[in-house]
Structures are given as C-alpha cells and as structure tokens.
Amino acid sequence: MCGHGPGGHHGRCDCRGARMEGFLQPCLLLLLYEKPTHGYELMESMNRLGLWEGVPDAGAVYRHLRRLEEEGLVRSHWSTGGPGPARRRYEITPEGIDYLHDWAVTIRRNKAALDTFLRRYEAIFGQDKDMEKGN
C-alpha cells in the first residue's frame, strides 16, 4: 500500500504522510463547510484533525483548493478586511457539499474494508504486534 515493498523503508512502512495527500479534498471540504476561511487557517485546522504529522504541505493544500475551485466545489474571493495584505477566502459550494457527502460514503466503505483487514491481521498476530516493534 505504501509503495515501499512489504517492509517499507528500513523495515517500516511510513504510509501515513505519503497517502494522506489524497485525503486533502474531503478534509478541506469538511473544514470549509464548518467555516469559510483562508488557506493558512485551513492548514492550521487540518493539523487539529490529527491526520497529519505537523502542518500539511502548503503547496498541496493550495493545489487542491485551486482544483476544487476549478471543479465548482469551492469558490473564493479576495478579502481585504483586517490587518495585512488581501487574502483569498474560500467557501464550499452546494456542489461541494454533495461531493463531501459522496466522500463520506467512500470513506465509510474504505473504513469497513480496513476494519476487516485489521481483524484478520489481529487474529493472526494479535493486537499488540505493532507495539512489539516499537511503533
């Protein structure tokens, strides 16, 4: 799954960061549903979701925001209020809300598949196998 082979680099699979970029879209849409905001504030909020180690890559976040806007799922406008330079403020569109709902269905399906995998893994190796390796 991580593309590093069965053992990953140095015997460890570091998939969390590598695969999370594909999960940026639903996270951005969810956060924008909760509160229209600026890109930097989105990155801080994403960090609080607990899905990334540290702040997500700013370039990736802005690429996804641009793509979501091109697809009509997000809209933005320049905000000149407040101190400092003008900043682009993003908000989710009705089409973006529909797309967010679709993501939720996909995530539930993937979660069920991952739960099945973990049950089988734990039946073979036990629940504490990852703790033995110091993970």
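Predicted model: local features only at pLDDT ≥ 70, side-chain atom pairs only at ≥ 80, totals over all residues.

Biologist: Thanks. What makes His-38 count as buried or exposed?

Modeller: Its relative accessibility is 9%, and buried means under 20%, so His-38 counts as buried.

Biologist: Where does His-38 lie, and which residue is its bridge partner in β3?

Modeller: His-38 lies in strand β1, and its bridge partner in β3 is Arg-89.

Biologist: How do you know that β1 and β3 pair?

Modeller: Pairing needs at least two bridges, and β1 and strand β3 (residues 87-92) have two bridges, in the antiparallel sense. The open sheet has three strands in the order β1-β3-β2, with antiparallel pairing.

Biologist: Why are β1 and β2 said to stand at the edges?

Modeller: β1 (37-38) and β2 (74-79) each have a single partner strand, so one side of each is left without a neighbour in the sheet.

Biologist: On to the rings. Why is the pair of Phe-23 and Trp-103 called edge-to-face?

Modeller: The rule gives three aromatic pairs. For Phe-23 and Trp-103, the centres are 6.4 Å apart, and the limit is within 6.5 Å. The planes make an angle of 80°, and over 60 counts as edge-to-face. This pair links distant parts of the chain, with Phe-23 in the loop between α1 and α2 (24-34) and Trp-103 in helix α5, 80 residues apart.

Biologist: What makes Trp-103 buried and Phe-23 partly exposed?

Modeller: The cut-off for buried is under 20%. Trp-103 has a relative accessible area of 19%, so it is buried. Phe-23 has 23%, so it is partly exposed.

Biologist: And why is the pair of Tyr-121 and Phe-125 called tilted?

Modeller: Their planes are 40° apart, with 4.9 Å from centre to centre. Stacked needs under 30 degrees and edge-to-face over 60, and the rest count as tilted. Tyr-121 and Phe-125 are four residues apart in helix α5, so they are separated by about one helical turn. Together with Phe-117, they form one aromatic cluster. Tyr-121 is partly exposed at 28% relative accessibility, and Phe-125 is partly exposed at 47%.

Biologist: How do you know that the length of helix α4 agrees with what it should span?

Modeller: At 1.5 Å a residue, the 13 residues of α4 (residues 58-70) should span 18 Å, and the end C-alpha atoms are 18 Å apart, so the two agree.

Biologist: Which residues of α4 are buried, and what makes you place them on the same side?

Modeller: The buried residues of α4 are Ala-60, Val-61, His-64, Leu-65 and Leu-68. They cover an arc of only 135° around the axis, so they are on the same side of α4. What covers them includes α2, α3 (39-48), β2 and β3. Just after α4, Gly-72 takes a positive phi of about 80°.

Biologist: Last one: where is confidence lowest, and where is it highest?

Modeller: Confidence is lowest in helix α1 (residues 15-20), at a mean pLDDT of 50, and highest in helix α5 (residues 94-125), at 95. Over residues 1-18 the pLDDT is below 50, and this stretch has 13 contacts in the model beyond near neighbours in sequence. For the protein, the mean pLDDT is 81, and 79% of the residues reach 70 or more.

Notes: Residues numbered from 1 in each chain as written. Heavy atoms only, no water. pLDDT = per-residue confidence, 0-100. Contact = heavy atoms within 4.5 Å. Buried < 20%, exposed > 50% of the residue type's maximum accessible area, 1.4 Å probe, protein only. Phe/Tyr/Trp six-rings, centres within 6.5 Å; stacked < 30°, edge-to-face > 60°. Expected span 1.5 Å × (residues − 1). Arc of directions from axis to C-beta.
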